[in-house]
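The following explanation is intended for a reader who meets this structure for the first time. Please keep the sequence and the model in view while reading.

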Amino acid sequence: MACDTPTETNANTNKTPEKERTMEENTQSQAGVLVLKEMPEFKMEAFDAESGHYTEVSSEDLKGKWAVVCFYPADFTFVCPTEIAAMNAHLDTIKGELGCEVVAVSTDTKFSHKRFVETEPLLKGLKLTIGADPTGEVSRKFGVMIEGAGIALRGRFLVNPDGVIVAQEVQAPPVGRNVEEFIRQIRAHQHAHKTGEVCPAGWRPGKKTLPVNTDVEPMTGRVGDYITLEEILS
């Protein structure tokens, strides 16, 4: 869920009132933040633009894979088709090279998705699957639902093969997101997940990482001896 709530204390556990208060405070401070939490379970009707047919998409389909669940406000709007087209233009990299599944989602119906894809010139040749969330159930689980408007914020969630969300980006509707930066984040998270190393600001393949898995003690408080600001910004 988007917000975990503390469970009732079991009489057989060793939780003290002080520990319970601490847990509750930590839960409240994480409200709306899904990073390092398991991906919410979901199942939706969808439109598969590549095949031109209706289908279903679920969290079960994404298990064991790198995946992105990408919410956008609505079909037949203005910024949304530019984002969808940009993601589709980089699909060979995101899905083919990096093995990352992509699911787009809005609160429109699958019928609206089909018509949107068929009529919007920017979406010619679209290969994405677009999930239909007309009740807002899935958008609420990811914490991006704008209740008064009945639409979702621009929320993008990167999930690792363990089913854990490792990156979350949420923006207000007027501004579109940067696909190139997202691809950089996928590469960095995949490298960190595989090697145990960590990636400094702006990291890209071929640049220096920070091998805290082997050199954590000498690097503590001395990162500047290992990597320079010029290297970070280059």
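The model under discussion is predicted. Its chain contains 10 helices and nine strands. Of the 234 residues, 40% count as buried. Among the contacts in the chain with a separation of 6 or more, 63% are accounted for by residues 24 or more positions apart.

Seven strands form an open sheet, and their order is β2-β1-β5-β4-β3-β8-β9, with mixed pairing.

Strands β1 and β2 pair in the antiparallel sense over six bridges. Within this pairing, Phe-47 has Tyr-54 of β2 as its bridge partner. The hairpin of β1 and β2 has four residues between the strands, and in it Gly-52 adopts a positive phi near 80°. By contrast, β3 (residues 66–71) pairs with β4 in the parallel sense, over six bridges. There, Ala-67 stands opposite Glu-101 in β4.

Attention may now turn to the helices that lie across these strands. Helix α5 lies across β1, β2, β4 and β5, and runs at about 25° to β1. Helix α7 (residues 179–195) lies across β3, β4, β8 (154–159) and β9, running at about 25° to β8.

Which residues of α5 (residues 110–119) are buried? They are Lys-110, Ser-112, His-113, Phe-116 and Val-117. Viewed down the axis of α5, these buried residues fall within an arc of 155°, so they line one face of the helix.

In one of them, Phe-76 and Phe-116 are tilted, with 5.2 Å centre to centre and 55° between the planes. This pair links distant parts of the chain, since Phe-76 lies in the loop between β3 and α3 while Phe-116 belongs to helix α5, 40 residues apart. Are the two partners buried or exposed? Phe-116 has a relative accessibility of 1% and therefore counts as buried, whereas Phe-76, with a relative accessible area of 45%, is partly exposed. Elsewhere, Phe-42, Phe-71, Phe-142 and Phe-157 form one aromatic cluster.

Thr-107 lies in the loop between β4 and α5. Its relative accessibility is 11%; because buried means under 20%, Thr-107 counts as buried. A polar atom of the Thr-107 side chain lies 2.9 Å from the backbone oxygen of Gly-150. Leaving aside neighbours within four places in sequence, the contacts of Thr-107 include Pro-73, Asp-133, Ser-139, Met-145 and Gly-150.

Leu-128 is placed in the loop between α5 and β5. With a relative accessible area of 3%, Leu-128 is buried. Neighbours within four places in sequence again left aside, Leu-128 is in contact with several residues, among them Phe-47, Ala-49, Ile-84, Met-87, Leu-91 and Val-102. Met-87 and Leu-128 are 41 residues apart in sequence, yet their C-alpha atoms are 8.7 Å apart in space.

Pro-40 counts as buried at 4% relative accessibility. Pro-40 and Arg-140 are 100 residues apart along the chain, and their C-alpha atoms are separated by 10.0 Å.

Terms used
Residues are numbered from 1 along each chain as its sequence is written. This is a predicted model: local features need pLDDT of at least 70, side-chain atom pairs count only at pLDDT 80 or more; totals for chains, interfaces and linings use all residues. Side-chain values use heavy atoms; hydrogens and water are left out. Buried means under 20% relative accessible area, exposed over 50%, partly exposed in between (1.4 Å probe, protein chains only). Helices (H or I, at least four residues) and strands (E, at least two) are DSSP runs, numbered from the N terminus. The arc is that of the directions from the helix axis to the C-beta atoms. A polar contact is a pair of N or O atoms within 3.5 Å; within protein, one must be able to donate a hydrogen and the other to accept it, and residues adjacent in sequence count only if both atoms are side-chain atoms. Contact means heavy atoms within 4.5 Å. Two strands pair if DSSP finds at least two bridges between them. Axes are lines fitted to C-alpha atoms, for helices over the stretch in contact, and angles run from 0 to 180 degrees between N-to-C directions. Rings of Phe, Tyr and Trp (its six-membered ring) pair if their centres lie within 6.5 Å; planes under 30 degrees apart count as stacked, over 60 as edge-to-face and the rest as tilted.
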